[in-house]
Amino acid sequence: MRDNDSATDSLPIALGGLGLAVVGVVVFSFSFPGTAFALDGLDPYVIGIGRAAVAAALAAVALLAARAPLPRGRQWAGLAAVAGGVVLGFPVLSSLALDRGASSAHSAVIIGLLPAATAVMAVLRAGERPSRGFWLASGAGAAWITGFAFVRGAGHFTVADLLLFAALVVCAIGYAEGGRLAREMPGWRVISWALVLVAPLTVPVTCWLLATTGPQWTGRAVTGFVYVSVGSMYLGFFAWYAGMAKIGIAPASQVQLAQPILTLLWSGLVLDELIDATTGLAALGVLVCVALTQRTRVRRAPAALASCDTFPHDGRVSVTKP
């Protein structure tokens, strides 16, 4: 498999960059309900770190089966950033936030800030240049969700909110670095190598946590843990990073503004959480920002355009020579 191939290119139906990003978001939208299920019998650190250990085993098998070449040079540094952000940082911090009392619905709305944070990281690390309209729409979404957290916290941010804000920052770094690397290797290999990179840490720590925390493997706990380990931690990134590589990091990240809407739906249906008017209004504001940001153009720096010139408004990709 060539470095610029994508594992998703062999799908009988070509989803396109936007479609791939949507698939990733749908998978990720079950993450908070899945974590809430896992907390029914498991320690939050077991969930946050253990899911990476399980996914690392799947990743190792996939890499060996595909005879994937080792990453080169600076790619290792990018993979370390991916691992720190989406393999360790976000899972642990978000699990702790839910353990500290944040509901799945509330957490989903707060993490709606993630697209704006990812867009910032795309500018800093991936050479993308969002338009003024893009920034205005993203900023409006960020302000809307920040206000929601402030109102729900009775005039202040709770510990759970701070954990969620920290989670979205490290996750944005992991998304931006992963999207950048997905221009050089298939998205599935990006997340696979990131998982394997930290496996010497996650596997023994998981074994120690399982031996010392007294896990209760209830049906809900097993269901939630399996989902966040296989879906959220691994398979979802196949489509997500491939979508980022096709349409750009910043525009793909804005698709995730729809994630709070989906997670609210699952939270109500699966967890029987009450979705009040304030939460619904915050989610509606987020949905409006999705429509606005998808109508704005994001340019890449000349170096990136030399290999992959994207047009986010229609999801097509054309290749140009330097």
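This is a predicted model: local features need pLDDT of at least 70, side-chain atom pairs count only at pLDDT 80 or more; totals for chains, interfaces and linings use all residues.
Residues are numbered from 1 along each chain as its sequence is written, and side-chain values use heavy atoms, with hydrogens and water left out.

**Overview. Helices and strands of the protein.** The protein has 15 helices and four strands. Helices (H or I, at least four residues) and strands (E, at least two) are DSSP runs, numbered from the N terminus. Of its 322 residues, 54% count as buried; buried means under 20% relative accessible area, exposed over 50%, and partly exposed in between (1.4 Å probe, protein chains only). Among contacts (heavy atoms within 4.5 Å) between residues at least 6 apart in sequence, 86% join residues at least 24 apart.

**View 1. Helices α4 and α8.** The axes of α4 (residues 75-99) and α8 (residues 159-181) come within 7 Å and cross at roughly 155 degrees. α4 is therefore roughly antiparallel to α8. Axes are lines fitted to C-alpha atoms, for helices over the stretch in contact, and angles run from 0 to 180 degrees between N-to-C directions. Angles under 35 degrees count as roughly parallel, over 145 as roughly antiparallel, 65 to 115 as roughly perpendicular and the rest as oblique. The contact of α4 with α8 has 18 nonpolar, seven polar and two charged residues. Ala, Val, Leu, Ile, Met, Phe, Trp, Tyr, Cys and Pro count as nonpolar, Asp, Glu, Lys and Arg as charged, and the others, Gly among them, as polar.

**View 2. Helices α2 and α4.** The axes of α2 and α4 come within 10 Å and cross at roughly 65 degrees, in a right-handed crossing. Phe32, Thr35 and Ala36 of α2 make the contact with Phe90, Ser94, Ser95 and Leu98 of α4. By class, four residues are nonpolar, three are polar and none is charged.

**View 3. Helices α3 and α9.** The axes of α3 and α9 (residues 187-197) come within 8 Å and cross at roughly 125 degrees, so the two helices are oblique to each other. Their crossing is left-handed. On the α3 side, the residues in contact include Ala52, Leu63 and Ala66, and on the α9 side they include Trp188, Arg189 and Trp193. The contact has twelve nonpolar, one polar and one charged residues.

**View 4. The salt bridge of Arg220 and Asp40.** Two salt bridges are found in the whole structure, where a salt bridge is a side-chain nitrogen of Lys or Arg within 4 Å of a carboxyl oxygen of Asp or Glu. Arg220 and Asp40 form one of them, with an N to O distance of 4.0 Å. Arg220 lies in α11 (residues 219-247) and Asp40 in the loop between α2 (31-38) and α3 (44-66), so the pair ties together parts 180 residues apart in sequence. Arg220 is partly exposed at 37% relative accessibility, and Asp40 is partly exposed at 41%.

**View 5. The salt bridge of Arg180 and Glu177.** The closest N and O atoms of Arg180 and Glu177 are 2.7 Å apart. Both residues lie in α8, three residues apart, about one turn of the helix. Arg180 is buried, with a relative accessible area of 17%, and Glu177 is buried, at 3%.

Definitions and conventions
A crossing is left-handed if the near helix is turned anticlockwise from the far one by less than a right angle, and right-handed if clockwise.
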